[in-house]
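Please look at the structure below and follow how its parts are arranged. The report after it goes from the whole chain to single residues.

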Amino acid sequence: NQQSDLFSQSREGQKALQQSVQLAQEIDRMAFPPSAIRLHDDLATTALAYLEASRLIMIWVGAPDETNRAQLETALSAARQTLENLEKSKWLEKR
């Protein structure tokens, strides 16, 4: 939210970063059967992509220039793409 003050942006960015770290750790620690290793890999890839985007949010909040914003937007786009790919997984199909 570019309209809020720096403190609020920092707090929101830190919250996103903490949630991303937590999710990546949970996925990493989760036991998966060998037949679902591909799903585990896809979950981990998606979580790490959002973790990278969260890290770049914090960089952009601290230095809101166009280079940092472009890197953030690229990382966020990549994270969204990995999520889209994950959502197409046969393991996640509703039956």
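The protein chain carries 11 positive and 13 negative side chains, and the centres of these two sets lie 6 Å apart. Here Lys and Arg count as positive and Asp and Glu as negative, while His and the chain ends are not counted; the place of a charge is taken as NZ of Lys, CZ of Arg, CG of Asp or CD of Glu.

The model is a predicted one, in which local features need pLDDT of at least 70 and side-chain atom pairs count only at pLDDT 80 or more, whereas totals for chains, interfaces and linings use all residues. Residues are numbered from 1 along each chain as its sequence is written, and side-chain values use heavy atoms, with hydrogens and water left out.

**The whole chain**

The protein chain has three helices and zero strands, and along the sequence these follow the pattern α-α-α. Helices (H or I, at least four residues) and strands (E, at least two) are DSSP runs, numbered from the N terminus. Taken along the principal axes, the C-alpha atoms fill a box of roughly 45 × 20 × 20 Å. Of the 95 residues in the protein chain, 27% are buried, where buried means under 20% relative accessible area, exposed means over 50%, and partly exposed lies in between (1.4 Å probe, protein chains only). Among the contacts with a separation of 6 or more, 59% join residues 24 or more positions apart; a contact means heavy atoms within 4.5 Å.

The table sets out two of the helices, with the expected span taken as 1.5 Å times one less than the number of residues.

| Helix | Number of residues | Span between end C-alpha atoms | Expected span |
|---|---|---|---|
| α1 | 24 residues | 34 Å | 34 Å |

In α2, the buried residues include Leu-39, Thr-46, Ala-53 and Trp-60, and what covers the buried residues of α2 includes α1 and α3.

**The largest nonpolar core**

Which residues make up the largest nonpolar core? They are Ala-53, Leu-56, Trp-60, Val-61, Leu-72 and Ala-75, six residues in all. The elements that give two or more residues to this core are α2 (37-62) and α3 (66-87), and the largest share, four residues, comes from α2. A nonpolar core is a set of buried Ala, Val, Leu, Ile, Met, Phe, Trp, Tyr and Cys residues joined through side-chain atoms within 4.5 Å. In soluble globular proteins, nonpolar side chains tend to be buried together.

Trp-60, found in helix α2, is buried because its relative accessible area is 13%. Trp-60 and Leu-72 are 12 residues apart in sequence, and their C-alpha atoms are 7.4 Å apart in space.

**Two partly exposed residues**

Met-58 lies in helix α2 and counts as partly exposed because its relative accessibility is 22%. Leaving out residues up to four places away in sequence, Met-58 touches Ser-10, Gly-13, Gln-14 and Leu-17. Ser-10 is found in helix α1 and, at 29% relative accessibility, also counts as partly exposed. With residues up to four places away in sequence again left out, Ser-10 touches Met-58 and Val-61. The C-alpha atoms of Ser-10 and Ile-59 are separated by 9.8 Å, although these residues are 49 residues apart along the chain.
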